[in-house]
Amino acid sequence: MIASQLAQAESIHDCPIIPVGVDSGAGLVKLILGSGSSQIRVRTNSKIVEIREELHDNLASPEGGHFFYHSGDRQDLVDREFLTGTLANWKAPTTHIKLSDDPALKVEYSLHTLLGAIATLPYRKEWNLHLILSIHNAKIFRDLLNQKVSGSHHVSFGGKNNSTSQVNLTVGRVLPEGAGSYSYCLSVNPPLIDRTGTAIALDFGTSTIICTIFAPGGSIVHRQVLEVGGCIDLLSAIATDTELIQFLGSGKAGSIETIRQGIEATTFQYGTRDFNFKSIYARYLKTWLKDRIRLAFKEVQEWRDSAQSFVAWGGGVEMPGVSKLLQAQGITAVPDGCWANAIGLQRMSSGILSRGGK
Ligand SMILES: Nc1ncnc2c1ncn2[C@@H]1O[C@H](COP(=O)(O)OP(=O)(O)OP(=O)(O)O)[C@@H](O)[C@H]1O
Ligand SMILES: [Mg+2]
């Protein structure tokens, strides 16, 4: 530990510290490094698989990484090798670990997803990253998350025998999910939240819909995960629609991942197949959203009349048609909803670094 701290202290002199925001979602891990024109954004699926035998070939994608852990502060990872994101999906389509399976997995695999995301970037011998992380329950998981991620990690990206990289990670803060999005809403022009008043926010995530109430100034006074699921429920409804199953012809449901990509591309095309699911999407979207808005209104009822701002963020608000339906209910969809939390966390990281780490 002492040797690695020394190595870290020495190396920081010639390798700049990059301020980073990390939003580890149940469905998508979002990482933002640096700011301005040199800012880098990485988004990978929240999937991991451990490799126990030689790969036939090197795998590479901007949406997933491959790393071999040689040595470092995570002794439990030494000599182990992992694929994350799309690469995990390619290698083990049915048996990979999904962070959406259990909220505790976000912590358990926090370093894996982070290293997997860094693996997608151009090679560097050394990385010094100052991280602001978010987690659904910061009070319970703060220390454990810090322990899993912090320190020096000596790894090879893209294959065991590739040149090594020294990844030095400092955790500046661990904040509740949504703290970064709140700060993002204040930073845009004009601001989307009035800081002097109460604000209501709905997070449309992959697995969850979360209602958060912010007091004037930004402290969280109430937070509740709705009983219903997030975007995954809409994707599953499309995947199990009889019209799609009939088209696919095998009797099995469609692929959630293929549907997600078709929605994000706004083409609604089912992979390379000659099937467009736009009308199926339109049919399910309205009820999916109506149910969630109704339950959210019930949850935030006490604050609704006095709240100055009512916003929605999370990738779900970027799905076609959602922001218009939210607007009709008096809710402002945050542009860049999927990235908002990571953008806010990255800005905080820059701020803390420029104040000398305080
Ligand atoms: N630009 C986009 N257009 C359309 N849909 C999008 C876009 N970006 C993200 N999404 C969708 O939004 C959904 C939620 O994404 P988000 O990144 O908020 O989830 P998450 O943070 O992984 O989940 P959770 O908050 O439940 O942990 C995903 O299904 C994703 O496909
Ligand atoms: Mg999220």
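1. Let us start with a definition: two strands pair if DSSP finds at least two bridges between them. Helices (H or I, at least four residues) and strands (E, at least two) are themselves DSSP runs, numbered from the N terminus. With that in hand, look at G151, which stands opposite L169 in β10. Six bridges join β9 to β10, and the two strands run antiparallel.

2. A word on what you are looking at. This is a predicted model, in which local features need pLDDT of at least 70, side-chain atom pairs count only at pLDDT 80 or more, and totals for chains, interfaces and linings use all residues. Residues are numbered from 1 along each chain as its sequence is written, while chains are lettered from A and ligands numbered from 1 in the order in which they are written.

3. Now the domains, whose bounds come from an automatic or database domain assignment. The assignment gives domain 1 (2–178 + 343–354) and domain 2 (194–334). Taken over C-alpha atoms, their centres are 27 Å apart. Nine residues from domain 1 and eleven residues from domain 2 make the contact, where contact means that the C-beta atoms of two residues, placed from the backbone, lie within 7 Å. On the side of domain 1 that touches domain 2, three residues are nonpolar, five polar and one charged. For these classes, Ala, Val, Leu, Ile, Met, Phe, Trp, Tyr, Cys and Pro count as nonpolar, Asp, Glu, Lys and Arg as charged, and the others, Gly among them, as polar.

4. Strands β1 (residues 17–24) and β2 (residues 28–33) are antiparallel, with five bridges; V22 has L31 in β2 as its bridge partner. As background, strands of a sheet pair through backbone hydrogen bonds, either parallel or antiparallel.

5. Axes here are lines fitted to C-alpha atoms, for helices over the stretch in contact, and angles run from 0 to 180 degrees between N-to-C directions.

6. Which helix packs with α6 at an angle of about 80°? The partner is helix α12 (residues 340–354), and the two axes are 7 Å apart. That makes α6 roughly perpendicular to α12; angles under 35 degrees count as roughly parallel, over 145 as roughly antiparallel, 65 to 115 as roughly perpendicular and the rest as oblique. Residues in this contact include Y182 and Y184 of α6 and I343 and L345 of α12. By class, the contact has seven nonpolar, six polar and one charged residues.

7. The other sheet has five strands. It is open, with the order β13-β12-β11-β14-β15 and mixed pairing. Its edge strands are β13 (220–229) and β15 (332–333). Six bridges hold the antiparallel pair of β11 and β12 (residues 208–214), with C211 in β12 as the bridge partner of L202.

8. Helices α7 (residues 231–239) and α9 have axes that come within 9 Å and cross at roughly 110°. These helices are therefore roughly perpendicular to each other. L235, S236, I238 and A239 in α7 meet I256, I259 and R260 in α9, a contact of five nonpolar, one polar and one charged residues.

9. Around ligand 1 there are 20 residues, with G25, A26, G27, G205 and G315 coming nearest; a residue is near a molecule or strand if its C-beta atom, placed from the backbone, lies within 6 Å of it. Both domain 1 and domain 2 give at least three residues to this shell. Helix α9 (residues 256–264) gives the most, with three residues. The shell has six nonpolar, ten polar and four charged residues.

10. Finally, check some backbone details. Most residues other than glycine have a negative phi, and most peptide bonds are trans. D79 is not a glycine, yet has a positive phi of about 65°; D79 lies in the loop between β5 and β6. The peptide bond from N189 to P190 is cis, with omega near 0°, and P190 sits in the loop between α6 and β11 (199–204).
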